[in-house]
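Here are my notes for a first pass through this one. Keep the sequence and the 3D view open beside them as you read.

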Amino acid sequence: MSVNKTAVFISSRFEEFRELRALLAHKINACNYPPLHAINLDNNGASISPPEVVSVDMVRRSELLVLFLGDTYGPSVKTDGISHTHVEYRAAVADESNTRILPFIIRDELDDQNHLVQDERLAAFQREVMEDQTVATYARPQSGEGWLALAETICNCIIHTIHEIQFRDLNQEIDLDNTGLLDPAGISDTEIERINSFRSENSPNLELLLDASSLDGGIEAIYQPRAIEAAEQLREARTALYINETGIAEQHLRNAVSIRPLDPVGNEWLARVLLSKRRLKATREAMIIADRSARIYRKSNQDLRASVASILAARAAGQFDQTRGVAYANMAVIDASWFSQAHLELARQLAPFSSIKDVLAALDNAFRCYPSSVDDILIDPAFSHQKKELQEHFGKWHQRILAINNSIIQADSGVAKALGTSTIETSPLTNGSLSRLVYSGRFAMIKLLRRIQIQADKLLEANRLNQSSPLTTTYTWDAAWVALSASRSIEIAKLNVEEGQSVRRGQTLLSYAVSGSHQEQTLVAPIDMHIVAVPKKRQSLKGRESVLIWIPAPSQPGRQELEAQLDARRKQLTELETVKNTVQRHQKRGRAIRIGHIAAAVGLGMYAWLSHTHDVIRFAEVGGAIYLLYAAVSRSKLLSKLEDRQTNLNNEIEGASSVIANLESLIAGIQRLLVAAENDLNRAIDEYEKALSMTSVSMPFPGLRAAKTGDWVVVARDSVERYGKTIGLNVTFENEPPKNASNSLALYRVVRRYENIMHLDQRKAYFPM
């Protein structure tokens, strides 16, 4: 597989530096990381073009020109009147050239006259180079070993310079219009949120006045024709930069700035282009222009843009004045203290001469703002001399975050056990880069919190089942609840429910996207619910703005309905018992009457049989006996019906008693469900709190100072009020925190914040508003 190699052009007088050129070319070509290729024209190659044309063409194709100036100037080129080496240098510094220059002066004797010599042509050449470049000087070696050592030193300088160029150009370019702003773990990040907020906010009036790119024509062209002219120059510059024609881009940017000197956008991009040339004169100009851009941005309250411009000024100033470089970097931090690149630039400016303590403090601030900002810190050329200290320092960070992630894994197991579920699918990492550890831990904490919040919804459902009154509390999911951040907005893509609709558990309610993410997510009903209110239209919602208002609507009958059924059944049972008692009285009376009838009939019959009365009288007596027997038989039939009725009543009473027992069991079960749901939730919260950490970078929640209404915060129960006072906050609690809680840290939600007054509520961290 072919490898693209960086071309390094070696420029000098052949005869004076023949040995050094050969040694250096060999070392450059032997370098595999970064892959380099030496262009050494001292190889007797044939060409149809004149030597100066060949060399100029090669210079323009090279990434880096290594220039050696010695004791001789060399013969002049006929067409230009200057030496070949001088022609090569001027080709490298031409406006249309992208070649960087690494100059060295190597002489037999180094004097105190800025290394200038008696040869006026060579002296003028040296002055020209020193006015626009930072030059390294060496005494001419007197032995082969000396030349070899010098070649090794210069090769190391080349490698360091290439690393620095590639690192800054590829990894550290600050472009708010083109950089991807998604958290690697898909999680809210303070810096990303602020950048997205910056992008979404309306621009101040001053920016509208100054930003030529916002004027595309129409009526504005009548009132601001120069703005339109400048905008056209900016568009041309953008096209030139896109095709890597920085010289042409510089011309158009200079035209734009000359038309509108106080346009911060034009000034900023001109500073970028000048800084990319890495030439002393251009760098000094870049510092001045970047500083001007920062001051204009600052006046229009564009803190982020001001910080970026100050970073550019710091990078420029740091190449020739370290004190000014640090000053500009500090201004960038003051402009946007939450911007990791500002702290990172401050660390770079401090690295060459400040204490390692100051450097590490700036890097820690960058890491806290945006963990990924320090991923490449060990290969950043600016910190090459502090690599050992950085490894040790961030090794400690690694161990700290690893311990937190292990706590999260244990909490995951505890929450799963408390809720009777499996552990989360994505556990936090226990190896990998520092930022990956941080983001995986944050992601796991969010997953666990969502699981606990679902359990809280189930508790609301159980509570709704246990309500004995018809009054029902409504609950609200606001935008902060959905995004799990008060700073991020949500854009509703599709609304699947409407007001008054009942939905079942697992049904998709809506689709949405969180600011800063193009990934569409869905909100699913955690329980059976009835929708009370929905957004009036698909719109962007933020903070405490309502997304859905709902009430639990369990499909199974609740305590109120069951108790009504129980009362009805008990009333029915009472009525059945009353009827049964009546039947039993009728049965008792009927049996007595039947016995009387039978006894009377027997007595009358016996009397008729034994008496000697007249036949007519005897016949009447026998008839009376027969009648009494008939009455007894009739009474027996009635008693049989009463017995059947009693049997039916007994069956109905048994059935009613069974239903009553079942209803009482259901009511008791609902009560047990409420107790079990509450106990499970409390155990899950207890396990979750064990994983909370005051190392805020490892948590997906803002610190107390930065929290807004609707945010979640981790607080130390025993010191939050005292800490609040130290940062100028009066912290109060909606519900008093538990005095004997098992964990020292707890998760709260900011239910209200007004200026320096903050109200916290632990229940609202898990339950909807």
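1. How many helices and strands does the secondary structure of the protein come to? The answer is 22 helices and 17 strands; helices (H or I, at least four residues) and strands (E, at least two) are DSSP runs, numbered from the N terminus. Bear in mind that this is a predicted model, where local features need pLDDT of at least 70, side-chain atom pairs count only at pLDDT 80 or more, and totals for chains, interfaces and linings use all residues. Residues are numbered from 1 along each chain as its sequence is written, and side-chain values use heavy atoms, with hydrogens and water left out.

2. Next, the overall numbers. The protein has 769 residues, and 47% of them count as buried; buried means under 20% relative accessible area, exposed over 50%, and partly exposed in between (1.4 Å probe, protein chains only). The accessible surface comes to about 38600 Å², with 51% of that belonging to carbon and sulfur atoms. Those areas come from the Shrake-Rupley method with a 1.4 Å probe, and for residues only the protein chains shown count as cover. Among contacts (heavy atoms within 4.5 Å) with a separation of 6 or more, 70% come from residues 24 or more positions apart.

3. Start with the parallel sheet. Five strands make an open sheet in the order β2-β1-β3-β4-β5, with parallel pairing; two strands pair if DSSP finds at least two bridges between them. The edges are β2 (36-39) and β5 (136-139), and each has a single partner strand, so one side of each is left without a neighbour in the sheet. From one strand to the next, the twist averages 25 degrees. Inside the sheet, β1 (residues 6-11) pairs with β3 (residues 64-69) over four bridges, and I10 sits opposite V66 in β3.

4. Which helices go with that sheet? Helix α3 (residues 84-93) packs on the sheet and touches β1, β3 and β4 (100-107), its direction making about 145 degrees with that of β3. Helix α4 (residues 120-132) lies across β3 and β4, at about 140 degrees to β3. For these angles, axes are lines fitted to C-alpha atoms, for helices over the stretch in contact, and angles run from 0 to 180 degrees between N-to-C directions.

5. Now the antiparallel sheet. Four strands form an open sheet in the order β10-β9-β7-β12, and the pairing is antiparallel. Here β10 (521-524) and β12 (540-542) are the edge strands, each with a single partner, so one side of each has no neighbour in the sheet. The twist averages 40 degrees from one strand to the next. Strand β7 (residues 489-495) meets β12 over three bridges, with E491 opposite S540 in β12.

6. Have a look at the strands further along too. Strand β15 (residues 730-733) has a covered face made of V731 and F733, while N730 and T732 are on the uncovered one. Four bridges join β15 to β17 (residues 757-761), and the two run parallel. F733 stands opposite L760 in β17.

7. Is helix α15 mostly covered or uncovered? Mostly covered: eleven of the eleven residues of α15 (residues 340-350) are buried. Among them are H343, E345 and R348, along with L344 and L346.

8. N301 has a positive phi of about 60 degrees although it is not a glycine; N301 lies in the loop between α12 (280-299) and α13 (303-317). With a relative accessible area of 63%, N301 is exposed. E755, also not a glycine, has a positive phi near 55 degrees. The place of E755 is the loop between β16 (745-754) and β17, and at 60% relative accessibility E755 counts as exposed.

9. Last, T695. Is T695 buried or exposed? At 17% relative accessibility, T695 counts as buried. You'll find T695 in the loop between α21 (615-691) and β14 (712-716). Leaving aside neighbours within four places in sequence, T695 is in contact with W397, R400, I401 and I404.
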